[in-house]
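Welcome, and please open the model in your viewer. We will walk through it one selection at a time.

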Amino acid sequence: MTEKQDKIVKAALDLFAQEGYHATSTSKVARQAGVSEGLIFRHFENKEGLLRAIIQLGEAQLQSLYATIILETEPKKVVRKAIELPFSVPESDYGFWRLQYKLKWELQNYNPGKMEPLRAALSDAFEKLNYASPKMEAEFLIHFLDGLGSGLLKGEVLEKDKLREHLFMTYEV
């Protein structure tokens, strides 16, 4: 991505997060990015193309975060790394992830397939750990961590460290 494309994406991220996708015009994104509106159209075709670029960026970052979990072979480490995931997001990235959650709901833009690698890794780990229902346990943990991530982004999770330790103890990892 060029420097100008990066400025456009960052401006769109900020504005979409603050004002919503539908309420943000490409002219406003251009003003905030310090570029012409035509440059947005040249690089992204239209506002929807800009949104697709942001969503693809989110999916790429998510895959990057999942990579260490998926490549792990020790089942307890798979579960531990999955639990650590929402706690490991730096607060400086919260705006980006808030927008990803917001888009999921505002535009009903959710691709359940993007969770499959994590779901498979957790199911396999729980099977190796002799859980009675490894697929259900994986599904439960994924949904729990999704809700936890939302709570962390909204600042609603009290005593994060104690909660993380509680999860480690619960899963004996």
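Before we select anything, a word on axes: they are lines fitted to C-alpha atoms, for helices over the stretch in contact, and angles run from 0 to 180 degrees between N-to-C directions. Helices (H or I, at least four residues) and strands (E, at least two) are DSSP runs, numbered from the N terminus.

This is a predicted model, in which local features need pLDDT of at least 70 and side-chain atom pairs count only at pLDDT 80 or more, while totals for chains, interfaces and linings use all residues. Residues are numbered from 1 along each chain as its sequence is written, and side-chain values use heavy atoms, with hydrogens and water left out.

**The whole chain**

Start with everything shown as a cartoon. The C-alpha trace spans about 60 × 30 × 25 Å along its principal axes. Of the 173 residues, 41% are buried, where buried means under 20% relative accessible area, exposed over 50% and partly exposed in between (1.4 Å probe, protein chains only). Contact, here and below, means heavy atoms within 4.5 Å. Among contacts with a separation of 6 or more, 67% join residues 24 or more positions apart.

**Select residues 3-19**

This is helix α1. Its 17 residues reach 24 Å from the first C-alpha to the last, close to the 24 Å expected at 1.5 Å a residue; the expected span is 1.5 Å times one less than the number of residues. Now colour Gln5, Ile8, Val9, Ala11, Ala12, Leu13, Leu15 and Phe16, which are buried. What covers the buried residues of α1 includes α2, α3 (37-44), α4 (47-70) and α6 (94-106). Just after α1, look at Gly20, which takes a positive phi of about 95 degrees.

Helix α2 packs against α1 at an angle of about 125 degrees, with their axes 8 Å apart. The two are therefore oblique to each other: angles under 35 degrees count as roughly parallel, over 145 as roughly antiparallel, 65 to 115 as roughly perpendicular and the rest as oblique. Show side chains to see where Lys7, Ile8, Ala11, Ala12, Asp14, Leu15, Phe16 and Glu19 in α1 meet Lys28, Val29, Gln32 and Ala33 in α2. These contact residues divide into 7 nonpolar, 1 polar and 4 charged. Here Ala, Val, Leu, Ile, Met, Phe, Trp, Tyr, Cys and Pro count as nonpolar, Asp, Glu, Lys and Arg as charged, and the others, Gly among them, as polar.

Which way does α3 lie against α1? The axes of α1 and α3 come within 11 Å and cross at roughly 105 degrees, and the helices are therefore roughly perpendicular to each other. Lys4, Gln5, Ile8 and Val9 in α1 meet Leu39, Ile40, His43 and Phe44 in α3. By class, this contact has 5 nonpolar, 2 polar and 1 charged residues.

**Two single residues**

Next, select Gln100, in helix α6. Is Gln100 buried or exposed? Gln100 is buried, with a relative accessible area of 14%. Leaving aside neighbours within four places in sequence, Gln100 is in contact with Ile54, Ile55 and Gly58.

Last stop: Glu137, in helix α8 (residues 134-154). Glu137 is partly exposed, with a relative accessible area of 21%. Not counting residues up to four places away in sequence, Glu137 touches Phe126, Tyr131 and Tyr171. To finish, draw a line from Glu137 to Ala120: the two are 17 residues apart in sequence and 11 Å apart in space, C-alpha to C-alpha.
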